[in-house]
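I opened the model to look up its fold, its strand pairing and a few side chains. My entries follow in the order in which I made them.

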Amino acid sequence: NLPYSQTVASISYLSTMWRASVLLAKTIVPLGDRVLVQRMQVAKQTKTGVLIPESSVKRANEATVLAVGPGTKDHVMTLKKGDKVLLPDFYGAQLKIDEEEYYVYKEADILAVIKE
């Protein structure tokens, strides 16, 4: 069992992800071999409660796939909605919708799928 604060944070994160994916599923469909992802949030506090300065917080390289394009005649898409992926430090087009940040990558630029 998770402590109450972690459970609330997990529920809040899942609720936000669900709302974002419902909104995006209706409004944004990547074209060709592109994939729409949302980076995972980086902890701004350690498990012991020590706050990490914002200047020290790195951008997360893990993301959740929210939508996948249809592919092209030369490229069949292998990723699917809900996959956890490892992203490169650069590339990707950034989108900001309702204060949330999303990124569009070509599937070939995504480094790996994270299996849990």
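I call a residue buried under 20% relative accessible area, exposed over 50% and partly exposed in between, using a 1.4 Å probe and protein chains only. By that rule I noted Asp-83 as buried, with a relative accessible area of 12%.

Ground rules. I am working from a predicted model, where local features need pLDDT of at least 70, side-chain atom pairs count only at pLDDT 80 or more, and totals for chains, interfaces and linings use all residues. Residues are numbered from 1 along each chain as its sequence is written, and side-chain values use heavy atoms, with hydrogens and water left out.

Entry 1, overall. I found 1 helix and 6 strands in the protein; helices (H or I, at least four residues) and strands (E, at least two) are DSSP runs, numbered from the N terminus. Read from the N terminus, the elements run α-β-β-β-β-β-β. Of the 116 residues, 28% are buried. The accessible surface is about 8,200 Å², and 57% of that surface belongs to carbon and sulfur atoms; the areas come from the Shrake-Rupley method with a 1.4 Å probe, and for residues only the protein chains shown count as cover. I count a contact when heavy atoms lie within 4.5 Å. Among contacts with a separation of 6 or more, 62% are between residues 24 or more positions apart.

In what order do the 6 strands lie in the open sheet? I read the order as 4-5-1-2-3-6, with antiparallel pairing. Strand 4 (93–97) and strand 6 (112–113) are at the edges; each has a single partner strand, so one side of each lacks a neighbour in the sheet. Strands of a sheet pair through backbone hydrogen bonds, either parallel or antiparallel.

Strand 1 (residues 34–39) and strand 5 (residues 100–106) run antiparallel and are joined by 4 bridges. Across from Leu-36 I found Val-104 in strand 5, and across from Val-37 I found Tyr-103. Strand 4 is joined to strand 5 by 5 bridges, also in antiparallel fashion. There, Lys-96 stands opposite Glu-101, and Gln-94 has Tyr-103 as its bridge partner. The hairpin of strand 4 and strand 5 has 2 residues between the strands, and Asp-98 takes a positive phi near 50 degrees in it.

How many aromatic pairs does the structure hold? I found 1 aromatic pair. It is formed by Tyr-103 and Tyr-105, at 6.5 Å centre to centre and with 35 degrees between the planes, and is tilted. The rule is that rings of Phe, Tyr and Trp (its six-membered ring) pair if their centres lie within 6.5 Å, with planes under 30 degrees apart counted as stacked, over 60 as edge-to-face and the rest as tilted. Tyr-103 is buried at a relative accessible area of 5%, and Tyr-105 is buried at 1%. I also found Arg-39 over the face of Tyr-103, 4.7 Å from the ring centre; a charge sits over a ring if NZ of Lys or CZ of Arg is within 6 Å of the ring centre and within 35 degrees of the ring normal.

Is Met-77 buried or exposed? Its relative accessible area is 15%, so Met-77 counts as buried. Beyond its neighbours within four places in sequence, Met-77 is in contact with several residues, including Gly-32, Val-35, Val-68, Pro-70 and Glu-107. Arg-34 is 43 residues away from Met-77 along the chain, yet their C-alpha atoms are separated by 8.9 Å.

Asp-83 is in the loop between strand 2 and strand 3 as well. Its side chain reaches the backbone nitrogen of Lys-80 at 3.0 Å. I list this as a polar contact, meaning a pair of N or O atoms within 3.5 Å; within protein, one must be able to donate a hydrogen and the other to accept it, and residues adjacent in sequence count only if both atoms are side-chain atoms. Not counting residues up to four places away in sequence, Asp-83 touches Ala-63, Thr-64, Val-65 and Thr-78.

Conventions: Two strands pair if DSSP finds at least two bridges between them.
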